[in-house]
Amino acid sequence: MSEIPTSSVSKGCFVFKSASKKRKRHVGVGGYLVDDSDDNASDRFKICQKLWETVQMNTEVIQDQLNKKVLDSLAEFIKKHGLGRSSDNWRQRASEIPTAALMLGVNVPDHAMTFRSLCNLLQDSVTPFVVSVHAKECAAVKFLIQKVLEQLMEIGVSVDEEQEDDTALPQRTQCTISALCQWYKTVTKKSTKVSPQRKENSTNSDLPQSLPVVVIFKDFEAFNPQVLQDFILICSRYTQELPFIFIFGIATSPSAIQHRLPHSVSSLLCIEVFHSLSCTQHLASVFEKLILNSEFPFKLSSRVIQVLVGIFLYHDFSVQNFVKGLQFSMLEHFNSQPLSVLCCQKQEALLSAKTLSKKNVERIRHLPSFMRYVETQEPQEQVRLLTDDEHVKGVCHTLLKNLHKYHKNYYPILQCLHSLTSSLPKFPLGKHIRELHVSCIEKNLWETEEYDSALQLLRILAKDELVAALRKCAEILKSAKRMQNVLQQLDDFIGRLEALQSVSSEDSSGNGIVSGKIEYQRTDLFQLQKTLLEKESRRTRRMNPFEVLRSQVIEFIDSLVREYLTPAELQPLSEVCYYSSSGVLRQRLNVTPRTSIQAALSHPFYYLQVTDHSFCLVRIFS
């Protein structure tokens, strides 16, 4: 056959299957491939999946708890203005539409969960007529009205009247507010069932006729101002027939309403502002209840925490993205660390330690923390740890118990130290507990200048301030079962401080000024200076009872810090539950598009995470 000439240039992708037998894999949490040929891959997958679900559930619970106050206030606002429509106040302001301006902050990715909780709360306790709209779906006022009608009537609607013909479905209707009015009247007349919660909020028998229609604008700043103005003007003409209530989700400030709506339109709204908790407060709650929790076995190293907090502070202020970073760290840890099978609850971990395979025992011997532990043992014990597998399993069982005990003791003392130092001037150990936690797990805290500065400030606390700080520590330690001895000593210090006779404010603050008059024989400047220096030296040598007791309290706190707040990396087997690959995390979460595209084009094997090179990409130019 003769060759047909051509001038085309083509590119092809050919796949060459490797001769080696493929390992069985299945897709796990987050799309990760789980290698079934590994001796504990399935166990690691189950543990990771369980922790993943725990993080998801706890995050939603924390979100609901933090937003409960503002959501309840919104529900009361809607009940007052919607269900109380027949009151005299409503008749006086019948032309205005009640509007709630909900200040949510710039952490836009977190708003979705807040609005979901708000919709569920309103539909369960106030009104079933709740609509939520996005700016990207409402480029024109007709699309906005269409979205409102679709969600309320739960049927398809047409945008233009010309689309209606005889062949259209009977359920389809015109996209107008007047059609919504007719539907609303029909539904409220037919509605005879009223929930008990709504009956409590009503005194008249025609309650269903006064159920408000709530329209939630999730991203108010992103809406076209003209679309908002037209929609508000249209709805204001139907306030007697439809009890509209608007909720504006605002990320910046209440002035955004003035910037987008002229006075002629904003005067049609009866606006009340509601503030949610700041994203930093939300992050503090998530950090304390997820990361600073001894019951949660997965831990983060100091560098990983700094990466996640840095992305939060300098990019989006999103707590949801912070939680996603935590979940990604969890996936990476269980995927890359075979010994993460021991990263589970205490009883499960101890049981797994007794059934370790020979391969995992050898992996334990190569852990840096375990190697440091071996170096501290006697020569005979070192030989057994390096040669006897069963002995290593027993030692691992003991070390895991000590690691769980370390976490149980670490977090209460950390919270106590934070409660003592968070109110000090200039926050020497950090304003937030996460800053103190990072300092504790990466180095010896008592060797830092910040710690010395904090102790110096604690040594000049007044009596009332010191007693109040110690009482906060006592409240923290009451929930720690292992800290009862520490709690008893703390209560003893509090009792001794309160039993002291009242001292002057100057003495109790540590100044120790001695009362009394200085007698002078002559007006001699040199003699006066000498007398003052002598009295000053005597004052510094002698301490009143409060100063002595205060010094003992500070020494006691310092001993607790040195005993319980040791760095986590010094604990044997810390690699089992601590994820420390901050470089991988930064590369995945804080990527640069140009670098990623270049790596994908030049190194496809690295980009696709293919380790066995089971296929090959070939470019053919002709």
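## Second largest cavity

Helix H17 (389–421), helix H20 (463–477) and helix H24 (545–564) each give at least two residues to the lining of the second largest cavity. H17 gives the most, with four residues. Helices are DSSP runs of H or I, at least four residues, numbered from the N terminus. This is a predicted model: local features need pLDDT of at least 70, side-chain atom pairs count only at pLDDT 80 or more, and totals for chains, interfaces and linings use all residues. Residues are numbered from 1 along each chain as its sequence is written, and side-chain values use heavy atoms, with hydrogens and water left out.

The lining includes Ile413, Cys416, Leu470 and Val561. By class it has 11 nonpolar, no polar and no charged residues. Ala, Val, Leu, Ile, Met, Phe, Trp, Tyr, Cys and Pro count as nonpolar, Asp, Glu, Lys and Arg as charged, and the others, Gly among them, as polar. The space is about 90 Å³.

## Largest cavity

About 120 Å³ lies in the largest cavity. Its lining has 13 residues; Asn67, Asn107, Ser276, Leu277 and His282 lie nearest its centre. Helix H1 (41–83), helix H3 (111–125) and helix H10 (279–291) each supply at least two lining residues. H1 gives the most, with three. Four lining residues are nonpolar, eight polar and one charged.

## How cavities are counted

The count is two cavities of 30 Å³ or more. A cavity is a set of points on a 1 Å grid over the protein atoms alone where a 1.4 Å probe fits but cannot get out; lining residues have an atom within 4 Å of a point. Points are joined across faces, edges and corners, and a volume is the space filled by probe spheres set on them.

Technical notes
On a 1 Å grid over the protein atoms alone, a cavity is a set of points where a 1.4 Å probe fits but cannot get out, and a pocket is an open set with protein on both sides within 12 Å along at least five of seven lines; lining residues have an atom within 4 Å of a point.
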